[in-house]
Amino acid sequence: MAFVSVSGLTKRFDKTDVVHDIAFELEKGNCISLLGPNGAGKTTTLRMLAGLMKPTSGSIVFEGHPAHSDIREVIGYLPQHPVFHYWMTGKEFLVYVGRLAHLSKKDASNRAEVLLEKVGIADAKNRRISKYSGGMKQRLGIAQAMIHQPKLLVLDEPVSALDPIGRREVLNLLEDIKKETTILFSTHILSDAEEVSDELLLMHNGEIVESGRLDDLQFTQDATKLKVSFSQNGDIYAEDIEALESVESVLKEGKHLTINTHNTDQARSEILQLAVERQWPITHFEVSRTSLEDLFMKVVKQ
Amino acid sequence: MQWWTIFQKELLENWRSLKWVWVPIVFILLAIMDPITSYYTPVLLEQFGDLPEGAEINIPTPTPEQAFMSSISQYNLMGLLLILIMTMGLISGERKSGVTELILVKPVRYTNYITAKWASTLLLVLTSSFLGLLASWYYINILFGDLPFSHAMTGFLFHSVWYVLVITISVFLNTLFRVPGLVGFLSVTSVIVLSSINGIFKSQFEWLPPQIHLYIQTFLNSGTLPTDMWITTVLTILLSAILLMLSVFIFKKKELAS
Amino acid sequence: MDIAQIPDVVAELTAMIPWKIIIPVMILELILLTVAIVDLVKRTETNGPKWLWLIIILGFNLVGPVVYFIIGRRPH
């Protein structure tokens with residue numbers, strides 16, 4: 001049995017399903033990203049996992065935990081916009097939430113020190129949280145989620161509100177944390193997901209439209225594009241390219257052609273072969289990375 | 001133990017936000033203001049009132065009991081308003097701001113969360129109320145004559161029962177709504193409605209909570225505790241207990257995030 | 001009242017003031033005022049302009065500081 005299994009999970013607000021009948025399983029020790037555009041239902045899904053919202057229907061089962069036990073014991077949760085008791089110091093806050101999670105005074109204090117060190121804000125531990133920067137708050141947020149050594153760490157958009165430096169720091173931190181615990185985090189940015197996660201859950205309109213290991217997922221989708229530029233208007237070459245069996249469509253933008261294909265390897269060799277045979281004045285040839293948008297278009301169309 | 005953690009955190013918060021400084025001071029000032037002004041008004045009028053020759057001032061000096069009741073009346077007006085405004089964001093404010101999203105994803109028992117907040121507010125308010133009435137008793141003894149200490153303290157205790165109910169009403173509304181302003185408005189309204197109902201029906205049903213003030217007055221004047229006072233007290237405590245349990249029940253049912 | 005009488009009246013008034021009664025009240029109000037002003041000065045962000053709060057605190061005895069404590073301060 002999987003570490004966490006979710007089945008038939010639905011959340012309805014005013015007759016519309018924000019999350020509709022989703023099912024997935026999380027394996028222990030994996031880092032899973034929940035990827036999707038804004039409004040896909042990611043936050044609602046995570047809130048249900050964290051016990052902040054009650055599902056309209058469906059179940060969330062943790063391995064070794066009876067169905068009606070308090071799942072908050074084994075979950076660490078960081079909301080998208082964490083709000084702290086700003087009048088407390090960072091250390092005080094960690095000790096407080098640690099005590100709420102049934103740690104003894106001493107254990108809570110020790111664990112707080114360890115985490116402050118780990119997330120890199122030990123210097124600021126005795127400063128009021130109101131004086132913290134955005135990045136520091138986010139790191140404190142991750143620390144508070146980990147205070148009771150949860151089996152599953154649920155992070156809602158942990159990097160989206162940060163500047164590039166803060167983002168990098170938090171991503172590195174996640175890289176480090178995933179050695180210790182299972183992480184499920186949401187994001188709307190594919191590169192973040194790619195960077196740290198092993199597995200991907202793709203969410204759209206309240207449903208999980210695709211899931212699997214990252215490499216497999218990209219392979220099955222094969223949503224790559226080829227971008228070819230010429231030293232003159234590309235329209236005259238577009239016809240030849242469109243005639244190829246491996247090519248689905250060609251988008252003409254002056255000197256540039258964007259080619260959609262369902263088989264990258266074949267399309268690439270065929271086009272390059274044509275180019276050599278007919279001596280096309282190619283100035284640029286690129287197999288472009290799949291953008292999240294493309295991936296979605298592809299998945300949603302199916 | 002978890003209850004104690006939350007209770008301590010509330011005490012610390014009330015200390016850092018200076019509530020433990022200003023609330024007692026305000027209650028002391030509220031309690032002594034009326035006795036002092038009612039003592040000095042005739043004196044000042046006589047000296048500076050610019051009254052025509054031969055006019056006599058005829059404001060009867062209140063008895064010590066009346067002066068003490070004037071402190072309690074202040075508590076029922078300004079004190080009450082202060083408490084309700086102060087507590088209107090006790091829980092709703094935390095939910096509105098989103099702190100509860102961090103706190104209540106920890107395995108916190110809702111009973112602990114609510115009763116610890118309720119108790120810490122009670123401690124602050126009743127301590128302040130006690131200090132105020134103590135000061136009022138002290139001034140009354142200097143200005144108006146002897147008021148037995150035991151009488152003042154009995155007055156404080158029974159008035160506290162009323163404050164317990166008021167705070168519980170506020171906590172209850174705090175679990176129902178997440179807008180502090182609405183909670184404040186509705187709690188003030190509830191207290192007014194409760195007092196009005198008491199005003200209308202007190203001859204038919206003489207044990208509604210606001211009635212306790214009449215009994216405090218009766219007690220101060222006679223020195224004996226009327227049976228009706230005990231019935232009213234028990235009913236008030238019972239009502240508070242029910243409201244508190246309902247608060248926990250409602251809070252459990254509520255979605256913590258919106 | 002005659003203007004010439006005023007110094008006498010002031011003297012009379014001063015002699016009459018029951019300091020024993022008034023001083024504790026004044027001390028309490030002073031503490032309230034000081035605590036409010038110290039908090040206002042230290043605070044980085046208030047609910048509205050700081051100078052306005054200073055006027056409210058200083059201008060309205062008792063009510064000013066209380067109103068400041070209740071709505072003048074931002075949670076963070």
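This is a predicted model: local features need pLDDT of at least 70, side-chain atom pairs count only at pLDDT 80 or more; totals for chains, interfaces and linings use all residues.
Student: Staying with chain B, where does UniProt put the "transmembrane region" feature?
Tutor: The unreviewed UniProt entry places it at residues 20-40, 75-93, 114-140, 160-177, 182-201 and 229-251 of chain B.

Student: Take 114-140. How much of that is helix, and how far apart are the ends?
Tutor: Residues 114-140 of chain B are 100% helix and 0% strand. The end C-alpha atoms are 38 Å apart.

Student: What about 229-251?
Tutor: Residues 229-251 of chain B are also 100% helix with 0% strand, and there the end C-alpha atoms are 33 Å apart.

Student: New topic: cores. How many residues are in the largest nonpolar core?
Tutor: The largest nonpolar core has 137 residues. Those with the most contacts inside it are A:Leu94, A:Ala143 and A:Val154.

Student: Which helix gives the most to this core?
Tutor: Helix H7 of chain B, residues 149-176, which gives 14 residues.

Student: Back to A:Leu94. What does it touch?
Tutor: Leaving out residues up to four places away in sequence, A:Leu94 touches A:Ala112, A:Leu115, A:Leu116, A:Ala143, A:Gln144 and A:Ile147.

Student: What is in the second core?
Tutor: The second core is separate and has 12 residues, including A:Leu226, A:Val228, A:Val247 and A:Val250.

Student: How is chain A divided into domains?
Tutor: Domain 1 covers 4-220 and domain 2 covers 222-301. The C-alpha centres of these two domains of chain A lie 39 Å apart.

Student: Where is A:Val276 found?
Tutor: A:Val276 is in helix H9 of chain A, residues 264-278.

Student: Is A:Val276 buried or exposed, and why?
Tutor: A:Val276 is exposed, because it has 10 other C-beta atoms within 10 Å, and a residue counts as exposed at 12 or fewer.

Student: What separates it from A:Val19?
Tutor: A:Val276 and A:Val19 are 257 residues apart along the chain, and their C-alpha atoms are separated by 51 Å.

Note on methods:
Residues are numbered from 1 along each chain as its sequence is written. Chains are lettered from A and ligands numbered from 1 in the order in which they are written. UniProt positions are given in the numbering used here, feature names are shortened, and annotations may be inferred rather than shown by experiment. Helices (H or I, at least four residues) and strands (E, at least two) are DSSP runs, numbered from the N terminus. Domain bounds come from an automatic or database domain assignment. A residue is buried if 20 or more other C-beta atoms lie within 10 Å of its own, exposed if 12 or fewer, and partly exposed in between; C-beta atoms are placed from the backbone. A nonpolar core is a set of buried Ala, Val, Leu, Ile, Met, Phe, Trp, Tyr and Cys residues joined through C-beta atoms within 7 Å. Two residues are in contact if their C-beta atoms, placed from the backbone, lie within 7 Å.
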